[in-house]
Amino acid sequence: MIKTFYESVYFRMTLQYAEQQGADMIFVLSSSGHAYLLLEPAPQPYDIQLSKQSKAKQNEWANIVAEELKAKGCDLVNDTFIFLTGNLEYNLLRDKITNIEFPVQGMPIGKRMQHFKSQIV
């Protein structure tokens with residue numbers, strides 16, 4: 001399942017932070033163009049970096065992810081989304097989702113980890 005697919009300390013820390021926020025649903029946004037719920041089957045390993053894709057491919061990724069979120073019951077206008085993603089994912093999706101909180105916006109990964117560590121109970 002996707003919850004155990006990623007093994008990095010950073011992923012574990014962001015997941016723990018997200019779970020503490022009391023979210024109704026937690027999604028993992030994949031560079032392969034999917035929005036996975038935590039208990040969904042893990043994808044096949046892939047070697048895709050969103051940042052290395054063309055602008056057209058990045059926009060296509062954002063459209064696919066937005067459609068997947070809607071298909072999985074999210075209201076992109078009325079629901080609040082807490083982004084624990086990179087800046088690129090946020091920038092690609094911010095015009096498609098009305099209510100976004102991005103507590104680590106602009107922070108490099110080291111500062112993000114410090115933030116999560118300080119917030120996890």
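This note sets out numbered points on the structure shown above.

1. Basis of the model. The model is predicted; local features need pLDDT of at least 70, side-chain atom pairs count only at pLDDT 80 or more, and totals for chains, interfaces and linings use all residues. Residues are numbered from 1 along each chain as its sequence is written, and side-chain values use heavy atoms, with hydrogens and water left out.

2. Overall dimensions. The C-alpha trace spans about 40 × 35 × 30 Å along its principal axes. The radius of gyration of the chain is 14 Å, which agrees with the value near 14 Å for a compact globule of 121 residues. That radius is taken over C-alpha atoms, and the globule rule is 2.2 Å times the number of residues to the power 0.38.

3. Surface and burial. The chain has an accessible surface of about 7400 Å², and carbon and sulfur atoms hold 50% of that surface. Accessible areas come from the Shrake-Rupley method with a 1.4 Å probe, and for residues only the protein chains shown count as cover. Of the 121 residues, 35% count as buried. Buried means under 20% relative accessible area, exposed means over 50%, and partly exposed lies in between (1.4 Å probe, protein chains only).

4. Contacts along the chain. Among contacts with a separation of 6 or more, 52% join residues 24 or more positions apart. A contact here means heavy atoms within 4.5 Å.

5. The largest pocket. Its volume is about 1300 Å³. Of the 42 residues that line this pocket, F27, V28, L29, L84 and T85 are the closest to its centre. On a 1 Å grid over the protein atoms alone, a pocket is an open set of points where a 1.4 Å probe fits, with protein on both sides within 12 Å along at least five of seven lines; lining residues have an atom within 4 Å of a point. Grid points are joined across faces, edges and corners, and the volume is the space filled by probe spheres set on the points.

6. Composition of the pocket lining. Helix 2 (9-20), strand 1 (27-30), strand 3 (80-82), helix 4 (87-93) and helix 5 (109-119) each supply at least two lining residues. Helix 2 provides the largest share, six residues. By type, the lining holds 26 nonpolar, 11 polar and five charged residues. In this division Ala, Val, Leu, Ile, Met, Phe, Trp, Tyr, Cys and Pro are nonpolar, Asp, Glu, Lys and Arg are charged, and the others, Gly among them, are polar.

7. F27 is found in strand 1. T85 lies in the loop between strand 3 and helix 4 and counts as buried because its relative accessibility is 18%. Outside four places in sequence, T85 touches L29, Y90, F102, V104 and R112.

8. Q58. This residue belongs to helix 3 (residues 55-71). Q58 counts as buried, since its relative accessibility is 4%. Neighbours within four places aside, Q58 is in contact with L50, S51, Q53, L88 and L92.

9. N99. Strand 4 (residues 99-101) contains N99, which is partly exposed at a relative accessible area of 29%. Not counting residues up to four places away, N99 touches V77, N78, D79, T80 and F81. The C-alpha atoms of N99 and N78 are separated by 7.0 Å, at 21 residues apart along the chain.

10. Q119 is in helix 5 and counts as partly exposed at 38% relative accessibility. Y17 and Q20 are the residues that Q119 touches, not counting those up to four places away in sequence. G73 sits in the loop between helix 3 and strand 3 and is exposed, with a relative accessible area of 56%. Leaving aside neighbours within four places in sequence, G73 is in contact with M25 and D79.

Conventions
Helix = DSSP H or I, 4+ residues; strand = E, 2+ residues; numbered from the N terminus.
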